[in-house]
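Subject: Structure handover

Hello,

Here is the structure I promised to pass on. Please open it first, then read the notes below.

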Amino acid sequence: MQVAGKIEEVRQEISELSKTTRTAQDLMQGMVKLLHERVLKYNWVGFYMLEPNANPPMLALGAFEGAMTPHTRIPLNQGICGAAASSGQTVVVDDVSKDPRYLACSLETKSEIVVPVFAYGKVVGELDIDSHFPAAFTNEHKEFVQYCAVLVGKKLETSGQ
Ligand code: SME
């Protein structure tokens, strides 16, 4: 199947999931599982959420699928994860070996995308995906992962958890 068709199919499943889950926590859990299982090039999929009231601000690993990572807490001035959360911008890295900010999770990872999750206009966390394939995150993937992050932000606003 063409990549576009496949992503459309998974987008439908994600959209269904967001309608049938009550809490943001359930949505994130189901979303990482679905993305990891259904999209061949998404080899590690996880959420990092900002710890409430942490000083300095800290990202803590939440729901994830894939190998355990040594990075369970990441300060905002470290990693691709810190860069995305502190800037509020999506970060796409086509070749992680060339990015000095990169914190290694698996030796097999070649490319990465991190998309901030916003609730009430503020960054509250992020969706991080690693791929064993270089430059896996084309514009189409970027738009799709941003869609997923928006659903989580909306669910946080409506369910509060
Ligand atoms: N690569 C990330 C760290 C998280 S692991 O990939 C799961 C980073 O550079 O911030």
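**Around the ligand**

The ligand has 13 residues around it, and I80, C81, L103, E112 and D130 come nearest. Please keep in mind that this is a predicted model.

- C81: a polar backbone atom is 2.8 Å from an oxygen atom of the ligand.
- L103: a backbone N or O atom lies 2.8 Å from a nitrogen atom of the ligand.
- D130: here a polar side-chain atom lies 2.9 Å from an oxygen atom of the ligand.

How much of the ligand's accessible area does the protein cover? On its own, the ligand has 300 Å² of accessible area, and the protein covers 100% of it. The ligand takes up the space of the largest cavity.

Which elements supply the shell? β1 (44-50), α3 (79-87) and β6 (122-131) each give at least two residues. α3 gives the most, with three residues. By type, the shell around the ligand holds eight nonpolar, two polar and three charged residues.

**Aromatic pairs**

The count of aromatic pairs comes to three. One of them is W44 with F64, and this pair is stacked. The ring centres are 5.8 Å apart, with 20° between the planes.

Best wishes

Technical notes: Residues are numbered from 1 along each chain as its sequence is written. This is a predicted model: local features need pLDDT of at least 70, side-chain atom pairs count only at pLDDT 80 or more; totals for chains, interfaces and linings use all residues. Side-chain values use heavy atoms; hydrogens and water are left out. A residue is near a molecule or strand if one of its heavy atoms lies within 4 Å of it. A polar contact is a pair of N or O atoms within 3.5 Å; within protein, one must be able to donate a hydrogen and the other to accept it, and residues adjacent in sequence count only if both atoms are side-chain atoms. Accessible areas come from the Shrake-Rupley method with a 1.4 Å probe; for residues, only the protein chains shown count as cover. On a 1 Å grid over the protein atoms alone, a cavity is a set of points where a 1.4 Å probe fits but cannot get out, and a pocket is an open set with protein on both sides within 12 Å along at least five of seven lines; lining residues have an atom within 4 Å of a point. A molecule sits in a cavity or pocket if more than half of its atoms lie within 2 Å of its grid points. Helices (H or I, at least four residues) and strands (E, at least two) are DSSP runs, numbered from the N terminus. Ala, Val, Leu, Ile, Met, Phe, Trp, Tyr, Cys and Pro count as nonpolar, Asp, Glu, Lys and Arg as charged, and the others, Gly among them, as polar. Rings of Phe, Tyr and Trp (its six-membered ring) pair if their centres lie within 6.5 Å; planes under 30 degrees apart count as stacked, over 60 as edge-to-face and the rest as tilted.
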